[in-house]
Amino acid sequence: MECDKKYITIQQLEQHNKAGDLWVSINGKVYNVSDWSKYHPGGETPLLNLAGKDVTDAFTAYHPTTAWQYLNKFFTGYRLKDYEVSEVSKDYRNIIHEFTKAGMFENKGHTAVFTLTSVAAMFGFVFYGVLCCNSLWVHLCSAMVLGMAWIQSAYIGHDSGHYIVMSGHGWNKFVQLITGNCLTGNCLTGISIAWWKWTHNAHHIACNSLDYDPDLQHIPVFAVSSRLFNSVTSSFYGRKLEFDYMARILISYQHWTFYPIMCVARVNLYIQTLLLLFSKRQVQDRTLNIMGIIVFWTWFPLLVSWLPNWSHRVMFVLTSFVVTSIQHVQFCLNHFSANVYVGPPNGNDWFEKQTNGTLDISCSPWMDWFFGGLQFQLEHHLFPRLPRCHLRQVAPLVRDLCNKHNLPYNSLSFWEANELTIRTLKMAAMEARDVNNSGVSKNLLWEAVTIHG
């Protein structure tokens, strides 16, 4: 009976917002996930970021309908007093319900088979070009194909990380370990899926939060907003992002260094992988990840060593890295120029935060393979479990919903998105040079470095 139900206020719920005391609300029912957070497949970070809040939209976005049956064992017996659902959330949940009824989350298409086949063919070409030919031009072409194979491996790995590639969890994990995950591949790409899950899930939950989203925390090299000049504390890394003298110099020229740094950004991903796998952090499938990395750092150096001389080897590695920079740039375009905020994400404005923090890349359907479906960045953020073969189909529905609720639907061409991103970086660079805004002391060396624009 209604009189037998126990209620708590949103203020009381918010008090349970830390490790060891972690409560959330889903559809107005309050759950204690303090112990479960250590075993959460998506990691502990998403739960910590949304602790003490209503997380219905985020839970619905990330979990299939079969997951709801497991919630009862976490139920506290409390319900949220005066629980209300916004009109945006009602429409959003209705769309997910319709997609589920239509079987769209289960209909994965043939994208995985096509991509895996093309990746295998590209790696075959690369090995043939390196092992059987002596021409520099063939080696450079092989390097370009290797870069493209890494890109496509990253896309299929990213898909498998959202559990939308194979029907079974075991097969999904196999694909993850072999191909990689959002530039995290073990055997083929050399970048750990464990690192990808750690950062990527946090990014999705706290999209474009300067202190909670790791994908915007690139101090001292890049800063997308002058608010980072206040040396904000990263909730994700648990340390202060120092805007010091060196950061000020680097950021002041970030609109010039952006593309050159993207050309070697892959090196940073290798470093981040090793730092995580050999850290004291709890890492899911650490042994399997390390084994995959060992496989990569066995075959890749051996392949490069087969080239006839050091000039071929250096050009081969650099060319493959430059090709993958296209993907690094794309990921930056999706978020660098979008709206940012400071603070933790709120569960009750899930849809709004995603629309404000993302930017789509418009392109022809035949280019969908090139962008891996992630040109529909907003659609992917709203429906992360939706196979990429459906993203173009649902884009008009998302656009209509944004228009209905006066929310932004940002979509630009690849060229226009690049221009906007560079303008964003330049604006922050000019602010970094402003002594009054930077908080970093001015000296003669600084004036000499920044005398020209």
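Strand 2 (residues 17–18) and strand 3 (residues 21–26) run antiparallel and are joined by two bridges. Strands here are DSSP E runs of at least two residues, and helices are H or I runs of at least four, numbered from the N terminus; two strands pair if DSSP finds at least two bridges between them. This is a predicted model, where local features need pLDDT of at least 70, side-chain atom pairs count only at pLDDT 80 or more, and totals for chains, interfaces and linings use all residues. Residues are numbered from 1 along each chain as its sequence is written, and side-chain values use heavy atoms, with hydrogens and water left out.

On its other pairing, strand 3 meets strand 4 (residues 29–32) through four bridges, again antiparallel.

| Hairpin | Residues between strands | Positive phi |
|---|---|---|
| Strand 2 and strand 3 | two residues | glycine 20, near 90° |
| Strand 3 and strand 4 | two residues | asparagine 27, near 55° |

Asparagine 17 has leucine 22 of strand 3 as its bridge partner, while isoleucine 26 stands opposite lysine 29 in strand 4. Five of the six residues in strand 3 are buried (under 20% relative accessible area with a 1.4 Å probe, protein chains only; exposed is over 50%, partly exposed in between).

Now to the nonpolar cores, sets of buried Ala, Val, Leu, Ile, Met, Phe, Trp, Tyr and Cys residues joined through side-chain atoms within 4.5 Å. The largest has 66 residues, and Trp150 and Phe316 have the most contacts inside it. Helix 6 (residues 136–161) gives this core its largest share, eight residues. Tryptophan 150 touches (heavy atoms within 4.5 Å) residues including Phe123, Arg266 and Trp299, leaving aside those up to four places away in sequence.
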